[in-house]
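Here's a quick briefing to read with the model open in your viewer. We'll start with one term, then go through the topics one by one.

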Amino acid sequence: MWRYFLKRFLLMFPTLIGVAALIFFLMRVVPGDIVELRFAGESSAASKENLAQERSRFGLDRPLWKQFAEWMWGLARLDFGKSMWTGASITDEIKLRFALSLQLAVMATIVAVLLAIPLGVISAIKQDTWVDYVVRIFSIAGIATPSFWLGILLILGLLIVFKWLPPMVYTPFWVNPWQNLAQLIWPALAVGYRYSAVATRMTRSAMLEVLREDYIRTARAKGLVENLILSRHALKNAMLPVLTVICLEFAFLMGGLVVTEQVFNLNGLGLLFVQSVAHRDYTLTQALVLLVAAVFIVVNFLMDLMYAWLDPRIHYR
Amino acid sequence: MPFLVSLVALAQVAGAPAAAQEKPRSGGELVFVVPSEPPSYDAHREETFGLIHPMAPHYSTLMRVDPFDKTGTKPVGDLAESWTIAKDGLVYTFKLRQGVKFHDGSPLTSRDVKASYDKIIFPPAGEVSLRKSAYKVVEVVEAPDPQTVRFRLKWPESSFLLNLASPWNWIYKADILAKDMRWYEKNVMGTGPFTFVEHVKGSHWVGKKNPNYWDKGKPYLDGYRALFMSSSSAQVAAVRGERAHIQFRGFTPADRDSLVQALGNKITVQDSPWDCILMIAMNHGKKPFDDKRVRRALTLALDRYEASKNLSKIAIVKEVSGIQVPGTPFATPPEELAKLAGYGKDINASRAEARKLLKEAGAEGLSFTFKNRGIPQPYEPLGIWLIDQWRQVGLNVKQEILEASAYHPMLKRGDFEVAMDFQCGFIVEPDLDLPRFLSDSDANYGKSGDKVLDDLYVKQSQATEAEERKRHLRAFEKRLLDEEVHSIMTLQWHRIIPHSSKVKGWTITPSHYLNNQLDTVWLTE
Amino acid sequence: MAINVPVEIATTEAVPREPRARWLSAVVGFTRRRTLGAVGAGVVVLMLLVAALAPVIAPYDPVTVDFGAMLAAPNAKHWLGTDAFGRDVLSRLIYGSRTALLVGFGSALLGATVGAILGVGSAYFGGRIDLYLQRLMDVFLAFPLIILALAIVAILGNNLQNLIMAITIPMIPRCALVIRSSALAIREMPYVDAARAAGFKHGRIILRHMLPNVMAPYLIMLTAFLGQAILLEASLSFLGLGVQEPTAAWGLMLRGAAVEFAETAPWMAVFPGLAISLAVFAFNLFGDSLRDALDPKLRTL
């Protein structure tokens, strides 16, 4: 078992390096660079010498492999460098948005779990009854509805019905918890509903599978109280795929909520992503992609651990 | 060149409000929203309003545009108390105000003005100055004594004074520039009405009243706070929720309508033609756009008057215009404009002529791709309108949208048949607006090399009397838009600023780069 | 490696029955027993019909600008109202279904098929090939979707084909992984070993024995992708990538004027969103029930 985990742990690195290489070269294939962008705004067009000067300032005229090597070397020392667009250190640029995205991801996940687990369990127990149908329709509606559209409707609803607008400026939780929550609860609901949908379906199907497992039949035959069966045996094994989904979706929430952030004006990682690509801010985009990929890879690894711990019946190659 | 009498301009402290019945009240913090953040802090190398809006209050310029003039074309002195122009129009001498101090307490002298302008006009190697080419006419900047700055020109230029009133020509401290030319990219040190307090990235910018501002009694505000919000719905929400007083760029007609409906007379709306316009660039190097009949057909197809009425309800465009913003001194009056191709009142006749021309040129039912920029206002609505209008003369147009970073390189490479071109100025002045149509301009994406046009430009630039200048400008416009149709003007943008009625002392101008120092602004309570 | 969507944990089934008969009978019994799924399938078929017959049933031309009828509320002449350019919302919705289905089916089919091929190949050949392919899939899986889409569109240009590509590429690794784990289980089966011992070529074994067995997860992934692809198209069009004006596309209809005028002209934002939701809903209902039907363990009910 330990050898397996070591192998999986080590495998994280080539994946990360692969992602790093991909984003590095992808950005450079995309036409246009930051210099052209900076100096071709609404009014004038800068001269060619200006552009060339600026390029060498950014080190963009050096050979590609050299740029890549320098960047990788910086990463090894955990130095992400500076954003090309603003010149500020990337850690600073990311810090503020990271806190917001993280909080939103956590809140959305809580909403999702609070909705999904009870709904999924009830739906599984009462399979094929009207309760099941209602829950299934509710959860599929969550998957089907574009969350940004839901966000638009939410804001509209608040405006028209309650004549109230959520705060549009971010205050960290420890500064002013009420304003912070008043702003983030709405996107958390819009996003959380969607993810509860996926998790509900997973919970339901996992519960269904497990409810029919042999050992449940045996437990029933032995005459254990129904509830005990459910809680101890069923839930524990149903957790596996549900946790899978929750973890994967959480990883996606960090940096994947581009459109939602636009709709709610949240200064999160998603918005930063889009801006950095639009600015052709190579260093920032690369750092962001690595960050998000790293979160995803680590979460996956932790999930593998959980899988092994929760269900020793599983065999691995 | 035969010449005009030398002028002696008397300085007005740009302070007497045009229609000020109420007395300005001191105090309060102005809160406004800004759609984007400054990429660096140095105005000499940036051209985004994201820099001007939060930072202009920290700086003074030598000359500025009269903040109370709605046309935004009147130069008045900021740091300059008075000025004289030599008889031959080649020497401009400015007297600086006394007692102006930088925010660190040190006094401003002509050395600082000279150092700043040297940086703009004669930047050292490795330094970028975006406006260098606008001051090609300057031979040298001198500072003969601490209160005097002198500009010597190579040839007379009637627009020079207005040109100097550029909102980007911030006056920096000579000592700092001498030590480190790049210092101002990341730091703030000016003589403006507000001192710098803080900039929290992704969040806000705060400025505080400068107690030692040269204009005693001003600024009225205790300070200001600029909130960065990129989403326009959030900006509108902020104003609507009364969390912000104003946004200095412009809102859409829909936003204005919803604000007025929600807040009634707590909202004041100021609007004006905007010194921005989208033009259609046609690649003169690609068939059939090298044929001026085809180009003429493209402009004849457009019903500008109907569009002006309807598009202005949903997009930030409105006025039908030629080469100058309507309402400004050199703009062509509407009756004259109606004589140009595409500006006639009888659209059916125009379109019939367009079809005829297309047939003659063998381009009937032509298909082409129109490349546009992926910005919701007003690029996209105009794109939809254009395609529909061209359809009415049998043209089959497909639209391709490029995002900003791909868009500029595409234009520069000339990789298009027909594309949306754009121009945004900070001061309405033919010498600033027209150079892009000249043969040698980098911004002449359609590559129309027209010597006659170049010639007309020089004539108008060197004209000494307004009437003579107008004549040349009319000829220029006729050749550009009617005879050769090198470019096609769509509609002038329209700037709509709905703001809290508490905000006073701010007058809208055609440019969102102007009138941002906030020294004249005050809040009622 | 952790697995995403419908889960396949190593089964403890005994020797399975012949693969083909199993899923055929499942499909037949499907319509009878899974009403929700049948409803979903019905809606899908309806959508296909609407898309095919668009020129016939749409009351107006979707791109004609009519300033006289700007921003009109739903009325007798325009059942779902008009947009900021006076274009009929209903007609645009109808034509928009074409784009949605084109993008949806195009990317889902492409993504699921390529993914399946890679997954089966990876499982069958094993060893080095498997290792490298898996790492490649990992890299793409970890790569943020939106950046990939932005980059592809920026490089290749902003049109429908590239949009389909941008949506397809993230789907491939997800499908590959799920198919791979199914295929792995098959590979261990006695009859596969028997076939190899008998000297059958790789291609034949893959085609005759492995592919039919991954049909179930393949179909499930396909229907899951269909809904996702439509949603993704909506998001990307909303951001301005992909389909361009004046073409009618649901995501595009939500962009710009729809949000701006949401208060005074809500029909512009409500109906396209409903259309998207309905389409994805239908695909998911269908896929849901399909999975219930095809999943071997649940068949016994």
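A crossing is left-handed if the near helix is turned anticlockwise from the far one by less than a right angle, and right-handed if clockwise. With that in hand, keep in mind that this is a predicted model.

**Chains A and C**

- Of the 317 residues in chain A, 45% are buried.
- If you look at the contacts in chain A with a separation of 6 or more, 72% of them come from residues 24 or more positions apart.
- Chain C has 12 helices and 0 strands, and its elements run α-α-α-α-α-α-α-α-α-α-α-α from the N terminus on.
- Buried residues account for 54% of the 301 residues in chain C.
- For chain C, residues 24 or more positions apart make up 73% of the contacts with a separation of 6 or more.

**Helix pair in chain C: α5 and α7**

- Helix α5 (residues 127-142) of chain C packs on helix α7 (residues 160-187) of chain C at an angle of about 130 degrees, and their axes are 9 Å apart.
- Angles over 145 degrees count as roughly antiparallel and 65 to 115 as roughly perpendicular, with what falls between them being oblique; α5(C) and α7(C) are therefore oblique to each other.
- The crossing in which α5(C) passes α7(C) is left-handed.
- On the α5(C) side, M137(C), F140(C) and L141(C) make the contact, while α7(C) brings in P170(C), P173(C), R174(C), A176(C) and L177(C).
- By class, the residues of this contact of α5(C) with α7(C) come to 7 nonpolar, no polar and 1 charged.

**Helix pair in chain A: α5 and α8**

- In chain A, helix α5 (residues 90-125) and helix α8 (residues 177-211) pack at an angle of about 35 degrees, with axes 5 Å apart.
- This time the crossing, of α5(A) and α8(A), is right-handed.
- The contact of α5(A) with α8(A) has 22 nonpolar, 7 polar and 1 charged residues.

**Where chain C touches chain A**

- The contact draws 42 residues from chain C and 45 residues from chain A.
- On the side of chain C that touches chain A, the elements giving two or more residues are α5, α6 (145-156), α9 (202-239) and α12 (267-294) of chain C.
- α12(C) gives the most to that side, with 9 residues.
- Sorted by class, the side of chain C that touches chain A has 31 nonpolar, 6 polar and 5 charged residues.

**Where chain B touches chain A**

- Here 32 residues come from chain B and 33 residues from chain A.
- α5 (232-240) and α12 (404-413) of chain B each supply at least two residues of the chain B side.
- The largest share of that side, 5 residues, comes from α12(B).
- The side of chain B that touches chain A splits into 14 nonpolar, 11 polar and 7 charged residues.

**Two helices in chain B**

- Helix α7 (residues 292-300) of chain B is mostly covered, with 7 of its 9 residues buried.
- Those buried residues of α7(B) are V294(B), R295(B), R296(B), A297(B), L298(B), T299(B) and L300(B).
- The cover over the buried residues of α7(B) includes β13 (267-282), α10 (347-360), α11 and β18 of chain B.
- In helix α8 (residues 304-314) of chain B, the buried residues are R304(B), A307(B), N310(B), L311(B) and I314(B).
- Looking down the axis of α8(B), its buried residues fall within an arc of 140 degrees, so they line one face of the helix.
- An α-helix has 3.6 residues a turn, so residues three or four places apart point the same way.
- The buried residues of α8(B) pack against α6 (253-263), β14 (317-320), α11 (379-391) and β18 (487-500) of chain B, together with α11 (257-260) of chain C.

**A closer look at S487(B)**

- S487(B) sits in strand β18 of chain B.
- The cut-off for buried is 20 or more other C-beta atoms within 10 Å; S487(B) has 22 C-beta neighbours inside 10 Å, so S487(B) counts as buried.
- S487(B) and I280(B) are 207 residues apart along the chain, yet their C-alpha atoms are separated by 5.8 Å.
- Setting aside neighbours within four places in sequence, S487(B) is in contact with M279(B), I280(B), A281(B), F437(B), G446(B) and L480(B).

Conventions
Residues numbered from 1 in each chain as written. Chains lettered and ligands numbered in written order. Predicted model: local features only at pLDDT ≥ 70, side-chain atom pairs only at ≥ 80, totals over all residues. Axes fitted to C-alpha atoms, helices over the stretch in contact; angles between N-to-C directions. Helix = DSSP H or I, 4+ residues; strand = E, 2+ residues; numbered from the N terminus. Parallel < 35°, antiparallel > 145°, perpendicular 65-115°, else oblique. Contact = placed C-beta atoms within 7 Å. Nonpolar A, V, L, I, M, F, W, Y, C, P; charged D, E, K, R; others polar. Buried ≥ 20, exposed ≤ 12 C-beta atoms within 10 Å, placed from the backbone. Arc of directions from axis to C-beta.
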